[in-house]
Amino acid sequence: RVQLVETGGGSVRSGGSLRLSCVASRSTYSSKYMSWFRQAPGKEREGVAIIYTSSYTTSYAASVKGRFTMSRDNDKNTVYLEMNTLKPEDTAMYYCAAPAAGKWHDGRPWDPKKYNYWGQGTQVTVSS
């Protein structure tokens with residue numbers, strides 16, 4: 001079983017920045033991709049960023065594109081989410097997620113059902 005631990009959340013003013021980290025208990029090469037999701041109170045969990053293991057290619061939700069950057073450090077089994085120009089609507093619990101080894105998202109990278117492992121989340125609060 002893979003354990004994911006997120007850190008780096010906090011409270012910032014609008015326009016500020018935060019860097020989230022997610023440490024995996026096994027090599028991040030085991031999963032074909034890893035993602036960051038977020039969930040605000042009363043809303044569904046939404047995918048915000050994905051990074052593919054073989055190519056390091058990233059993709060972002062339209063709401064964060066140009067402001068968020070996802071990266072990985074394989075030596076540290078860690079993925080990151082650099083968040084800039086934060087807005088109050090970015091306020092949410094942020095989760096790191098990974099699929100089981102060898103599994104693919106079948107064209108649905110933002111479907112939470114395509115992920116087997118989730119961290120406990122880290123809270124991001126952006127005030128205006």
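Predicted model: local features only at pLDDT ≥ 70, side-chain atom pairs only at ≥ 80, totals over all residues.
How much space lies in the largest cavity?

The chain has eleven strands and zero helices, and, read from the N terminus on, its elements run β-β-β-β-β-β-β-β-β-β-β. Along its principal axes, the C-alpha trace spans about 40 × 30 × 25 Å. A compact globule with 128 residues would have a radius of gyration near 14 Å, and because the chain has 14 Å, its value agrees with that expectation.

Of the 128 residues in the chain, 48% are buried, where buried means under 20% relative accessible area. The accessible surface of the chain comes to about 6,400 Å², and carbon and sulfur atoms account for 48% of that surface.

With the chain described in this way, the opening question can be taken up. When cavities of 30 Å³ or more are counted, the count comes to one, and the space in the largest cavity is about 40 Å³. Ten residues line the largest cavity, and among them Val-2, Ala-24, Arg-26, Ser-27 and Ser-31 lie nearest its centre. By residue type, the lining of the largest cavity divides into five nonpolar residues, four polar residues and one charged residue; Arg counts as charged, whereas Val and Ala count as nonpolar.

Notes
Residues numbered from 1 in each chain as written. Heavy atoms only, no water. 1 Å grid on protein atoms, 1.4 Å probe; cavity = no way out; pocket = protein on both sides within 12 Å on 5 of 7 lines; lining within 4 Å. Points joined across faces, edges and corners; volume = space filled by probe spheres on them. Helix = DSSP H or I, 4+ residues; strand = E, 2+ residues; numbered from the N terminus. Rg over C-alpha atoms; globule rule 2.2 N^0.38 Å. Buried < 20%, exposed > 50% of the residue type's maximum accessible area, 1.4 Å probe, protein only. Areas by Shrake-Rupley, 256 points an atom, 1.4 Å probe, with all protein chains shown as cover.
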